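Take a moment to look over the sequence and the fold before reading on.

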Amino acid sequence: MKTIVSDNIKSFREAWNYTQSKVAAFLGIDRGAYANYESGNREMPYELMTKICELYGIDLSVLFEEDSSILEDELVCAFRLENPCDEDIKEISHFKQVVRNYLKMYSY
């Protein structure tokens, strides 16, 4: 059963040009398990949701967002690399988290 979360994680993965295998490796799960979350066959656990938010540098609430304009604002920041290695994905995720933390500090 498709859900907004499954649709959104697929949209982010495709925007970033990541394969299901790359995202699954980052999450520490096998590709089949990730495919079930993306297809909506299984509900993604909270711990994996927070980790996938780290991957894309987004707030958890974005996974539940139904407003396409808000999603587009988040998706526009996607790095598009040809065949990134696992280490590249980890470093990009870390960089996005640093930027998010800076923006949160700056907004206070």
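Tyr 18 counts as buried, because its relative accessibility is 4%. Here buried means under 20% relative accessible area, exposed means over 50%, and partly exposed lies in between (1.4 Å probe, protein chains only). This is a predicted model, in which local features need pLDDT of at least 70 and side-chain atom pairs count only at pLDDT 80 or more, while totals for chains, interfaces and linings use all residues. Residues are numbered from 1 along each chain as its sequence is written, and side-chain values use heavy atoms, with hydrogens and water left out.

Now look at the rings. Rings of Phe, Tyr and Trp (its six-membered ring) pair if their centres lie within 6.5 Å; planes under 30 degrees apart count as stacked, over 60 as edge-to-face and the rest as tilted. By this rule there are four aromatic pairs. In one of them, Trp 16 and Tyr 18 are tilted, with 5.8 Å from centre to centre and 40° between the planes. Trp 16 also pairs with Tyr 56, again tilted, at 5.9 Å centre to centre and 45° between the planes. Why does this second pair tie together separate parts of the chain? Trp 16 lies in the loop between helix 1 and helix 2 (20-27), whereas Tyr 56 lies in helix 4 (residues 46-56), so the pair joins parts that are 40 residues apart in sequence. Both partners are hidden. Trp 16 is buried because its relative accessible area is 1%, and Tyr 56 counts as buried because its relative accessibility is 2%. Ring pairs link Phe 12, Trp 16, Tyr 18 and Tyr 56 into a cluster.

Step back to the whole chain. It has six helices and zero strands. Helices (H or I, at least four residues) and strands (E, at least two) are DSSP runs, numbered from the N terminus. Of the 108 residues, 38% count as buried. The chain exposes about 6,600 Å², and carbon and sulfur atoms supply 52% of that area. Accessible areas come from the Shrake-Rupley method with a 1.4 Å probe; for residues, only the protein chains shown count as cover. A contact means heavy atoms within 4.5 Å. Among contacts in the chain with a separation of 6 or more, 65% are between residues 24 or more positions apart.

Next comes helix 4. Its buried residues include Leu 48, Met 49, Ile 52, Cys 53, Leu 55 and Tyr 56. Seen down the axis of helix 4, the buried residues fall within an arc of 155°, so they line one face. The arc is that of the directions from the helix axis to the C-beta atoms. What covers these residues? The cover for the buried residues of helix 4 includes helix 1, helix 2, helix 3 and helix 6 (86-107). The face turned away from the buried side of helix 4 carries the exposed residues Tyr 46 and Glu 47. After helix 4 comes Gly 57, with a positive phi near 65°.

Gly 28 follows helix 2, and its phi is positive, near 80°. The ring of Phe 26 has a charge over it: the charged end of Lys 51 sits 5.7 Å from the ring centre. A charge sits over a ring if NZ of Lys or CZ of Arg is within 6 Å of the ring centre and within 35 degrees of the ring normal.

Charges also meet elsewhere. How many salt bridges does a search of the whole structure find? It finds one. A salt bridge is a side-chain nitrogen of Lys or Arg within 4 Å of a carboxyl oxygen of Asp or Glu. Arg 13 forms it with Glu 38, and the closest N and O atoms are 2.7 Å apart. The pair links distant parts of the chain: Arg 13 is in helix 1 (residues 4-15) and Glu 38 is in helix 3 (residues 31-39), 25 residues apart. Arg 13 and Glu 38 are both buried. Not counting residues up to four places away in sequence, Arg 13 touches several residues, including Tyr 18, Val 23 and Tyr 56.
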